[in-house]
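Here's a quick tour for anyone meeting this structure for the first time. Take a look at it, then read on for the helices, the sheet and the ligand surroundings.

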Amino acid sequence: MVSNQCIQLGQAIGRIRPFNEKMASLADRHSDRLTKPPGSLGKLERMARQLAGATGEMWPDLSRKAVIVMAADHGVCAEGVSAFPQEVTGQMVVNFLKGGAAVNVLARQAGADVYCVDVGMKDDVREEGLIRRNVKRGTDNIAAGPAMDREEAIAAVMAGVALVDELAQQGYRLFATGEMGIGNTTASAAVVSVLTGLPPETTVGRGTGIDDAGRVRKVEVVERAIAVNRPDPTDAFDVLAKVGGLEIAGLAGVIIGAAANGCPVVLDGYISSAAALIAKQVTEMTLPFMFASHLSQEQGHAKLLEALGLSPLLHLDMRLGEGTGAVLCFSLIDASLRLMQEMATFESAGVSRK
Ligand SMILES: Cc1cc2ncn([C@H]3O[C@H](COP(=O)(O)O)[C@@H](O)[C@H]3O)c2cc1C
Ligand SMILES: O=C(O)c1cccnc1
């Protein structure tokens with residue numbers, strides 16, 4: 001039976017417009033008329049091209065910006081895969097809502113709003129400002145069986161799509177992906193291993209800072225999760241349901257939703273990029289809307305970005321998550337658009353060229 005959620009997801013995918021090559025070429029042409037050697041602004045120029053092609057506008061107004069922090073818990077924490085206890089997820093969510101986390105500070109600096117979503121937290125947090133879209137009170141332990149069922153995975157994806165639809169209605173045009181979920185680098189590594197074929201030895205990192213022995217255990221846990229669940233790498237929802245997480249699913253939905261609304265979406269670190277791999281698997285049409293913000297210190301992130309065909313803008317040795325790296329790149333996107341709009345051309349400034 002095809003559920004209502006599946007139909008809505010199909011409709012969202014159907015709304016994604018293909019990359020506008022004509023607008024991208026116009027952006028390139030304009031860029032080459034500006035008072036600089038062609039290509040000398042590097043990725044800032046390529047960004048302007050991609051923004052034009054993705055939005056279908058030469059000068060998109062991306063002044064309204066939102067970072068969506070999807071929060072969820074992970075049953076796999078029972079295997080001792082994180083350096084922090086599970087209750088930190090809920091405690092950090094309260095911190096986000098009070099404005100005290102790193103992502104809040106960086107969002108204030110970037111002129112962006114933070115939206116925190118309970119898509120799968122274990123605790124029923126009722127703090128003011130929390131967007132309550134709980135699909136399941138934490139995943140089950142992926143080392144012993146599936147994280148969730150397929151319907152729950154699709155419902156979490158749709159929670160992300162629907163939220164972006166709402167925010168786009170309110171005028172937001174630029175999104176960043178963020179997350180909070182103790183244990184989520186383990187689920188992300190499992191998703192990445194299944195979808196890329198890379199062994200867990202390559203995709204498993206230290207997350208919040210586990211030691212060598214902890215990492216050996218984490219690799220073994222991811223190997224077991226894949227062996228026990230046997231997810232189908234050609235079926236993104238099977239992968240999400242068997243070895244994923246509710247925030248990873250929610251963020252895949254945010255990415256699909258952004259694309260459906262013609263809005264660029266800036267990816268944060270490892271977990272966000274794992275969600276992007278899911279979105280890419282659902283439809284490659286999401287790819288032109290994605291920007292990779294930074295290269296996380298988390299092992300495997302470089303290979304994951306390679307699998308997405310994306311090149312990170314920043315190398316800051318960060319390994320936090322929450323959306324921090326993505327929000328930092330909002331100012332680079334603003335810079336790219338501003339250069340395109342405000343720089344003089346060779347003609348207008350009377351600067352010679354051959
Ligand atoms: C205080 C604190 C704030 C955080 N903000 C993001 N994360 C990050 O750490 C978690 C993933 O690492 P692991 O898989 O090792 O648990 C996620 O919640 C992620 O967003 C945090 C972690 C902690 C402890
Ligand atoms: O890259 C990330 O997103 C990350 C890395 C470590 C811990 N939490 C998040």
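Two residues count as being in contact here if their C-beta atoms, placed from the backbone, lie within 7 Å. Keep in mind that you're looking at a predicted model.

**Helices α2 and α3**

- Helix α2 covers residues 21-33 and helix α3 covers residues 43-55; their axes are 7 Å apart and the packing angle is about 150°.
- Since angles over 145 degrees count as roughly antiparallel, that angle makes α2 roughly antiparallel to α3.
- The crossing of α2 past α3 is right-handed.
- On the α2 side, the contact involves Glu21, Met23, Ala24, Leu26, Ala27, Asp28 and Ser31, while α3 brings in Glu45, Ala48, Arg49, Ala52 and Gly53.
- Sorted by class, that contact has 6 nonpolar, 2 polar and 4 charged residues.

**Helices α3 and α15**

- α3 also packs with helix α15 (residues 330-342), this time at an angle of about 85° and with the axes 9 Å apart.
- That angle makes α3 roughly perpendicular to α15.
- From α3 you'll find Leu44, Met47, Ala48 and Leu51 in the contact, and from α15 there are Ile333, Ala335, Ser336, Leu337, Leu339 and Met340.
- The contact of α3 with α15 has 9 nonpolar residues, 1 polar residue and no charged ones.
- Look out for Ala48: this α3 residue takes part in the contact with α2 and in the contact with α15.

**The sheet**

- There's an open sheet of 6 strands, paired in parallel and ordered β3-β2-β1-β4-β5-β6.
- Its edge strands are β3 (131-132) and β6 (290-292), each of which pairs on one side only.
- Inside that order, β4 pairs with β5 (residues 265-267) in the parallel sense, over 2 bridges.
- Phe175 has Val265 in β5 as its bridge partner.
- Helix α12 (residues 270-282) packs on the sheet and touches β4, β5 and β6, with its direction at about 115° to that of β4.

**Around ligand 1**

- Ligand 1 has 18 residues around it, and the closest are Ser82, Thr185, Gly207, Thr208 and Gly321.
- Two or more residues of this shell come from each of α4 (88-98), β4 (174-180) and α7 (184-196).
- The top contributor is α7, with 3 residues.
- By class, the shell has 7 nonpolar, 9 polar and 2 charged residues.

**Around ligand 2**

- Ligand 2 is surrounded by Thr185, Gly207, Thr208, Asp268, Gly269, Tyr270, Ile271, Ser296, Glu298, Arg319, Leu320 and Gly321.
- This shell divides into 3 nonpolar, 6 polar and 3 charged residues.

How values were computed:
Residues numbered from 1 in each chain as written. Chains lettered and ligands numbered in written order. Predicted model: local features only at pLDDT ≥ 70, side-chain atom pairs only at ≥ 80, totals over all residues. Near = placed C-beta within 6 Å. Helix = DSSP H or I, 4+ residues; strand = E, 2+ residues; numbered from the N terminus. Nonpolar A, V, L, I, M, F, W, Y, C, P; charged D, E, K, R; others polar. Axes fitted to C-alpha atoms, helices over the stretch in contact; angles between N-to-C directions. Parallel < 35°, antiparallel > 145°, perpendicular 65-115°, else oblique. Left-handed = near helix turned anticlockwise from the far one by under 90°. Pairing = 2+ DSSP bridges.
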